[in-house]
Amino acid sequence: MIKTTLLTSVAAGAVLAAAIAQAADPAAGKQKFEGTCSACHGANGISVVPIYPNLAGQKGEYLVAQLKAFRDGGRQNPIMQPMAKGLTDTDIANIAAYLSSLNQPGAAPQP
Ligand code: HEC
């Protein structure tokens with residue numbers, strides 16, 4: 001009985017997590033990105049500075065993982081850590097949704 005309840009709540013949690021992931025708002029992410037990040041990572045996530053990585057078309061889950069790692073200290077970089085410090089989980093999900101929706105430089109348009 002307890003086991004069933006536990007399983008049910010784990011399943012409910014997974015459904016909720018999926019719902020939150022789907023609720024990411026790329027338009028809000030674009031706004032945030034253009035306000036802070038595009039100075040280095042370029043308009044549309046394509047950097048013109050060799051030491052700053054392109055972000056356009058990167059996998060969303062990877063972007064979420066990297067931004068959380070910068071924010072929480074698992075990935076150390078003196079430039080990016082302060083950039084990620086102020087981001088909420090929602091900001092990160094939105095920015096990742098925006099960037100992953102873009103085409104990579106030189107790639108054919110996404111179907
Ligand atoms: C002052 C310049 C600068 C700004 C502003 C900046 N970044 Fe970065 N970003 C960098 C540099 C430099 C790196 C490479 C870090 C490293 O070598 O680990 C990087 C790396 C990243 C990565 C990891 C890319 C990868 O391939 O692993 C992500 C994601 C990222 N930035 C997102 C953002 C977001 C989102 C913002 C705005 C909130 C932002 N950056 C603002 C300079 C900047």
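1. Helices (H or I, at least four residues) and strands (E, at least two) are DSSP runs, numbered from the N terminus. The chain has five helices and zero strands, in the order α-α-α-α-α from the N terminus on.

2. This is a predicted model, in which local features need pLDDT of at least 70 and side-chain atom pairs count only at pLDDT 80 or more, while totals for chains, interfaces and linings use all residues. Residues are numbered from 1 along each chain as its sequence is written.

3. Of the 111 residues in the chain, 23% are buried. A residue is buried if 20 or more other C-beta atoms lie within 10 Å of its own, exposed if 12 or fewer, and partly exposed in between, with C-beta atoms placed from the backbone.

4. On α3, the buried residues are L63, Q66, L67, F70 and R71. Seen down the helix axis, they fall within an arc of 135° (taken from the directions from the axis to the C-beta atoms), so they line one face of α3. The face turned away from that buried side carries the exposed residues E61, Y62 and D72.

5. G73, which follows α3, has a positive phi, near 95°.

6. There are 17 residues around the ligand, of which T36, C37, C40, N77 and M83 come nearest. A residue counts as near if its C-beta atom, placed from the backbone, lies within 6 Å of the molecule. Two or more residues of the shell come from each of α2 (26-41), α3 (60-72) and α4 (80-85); α2 gives the most, with five.
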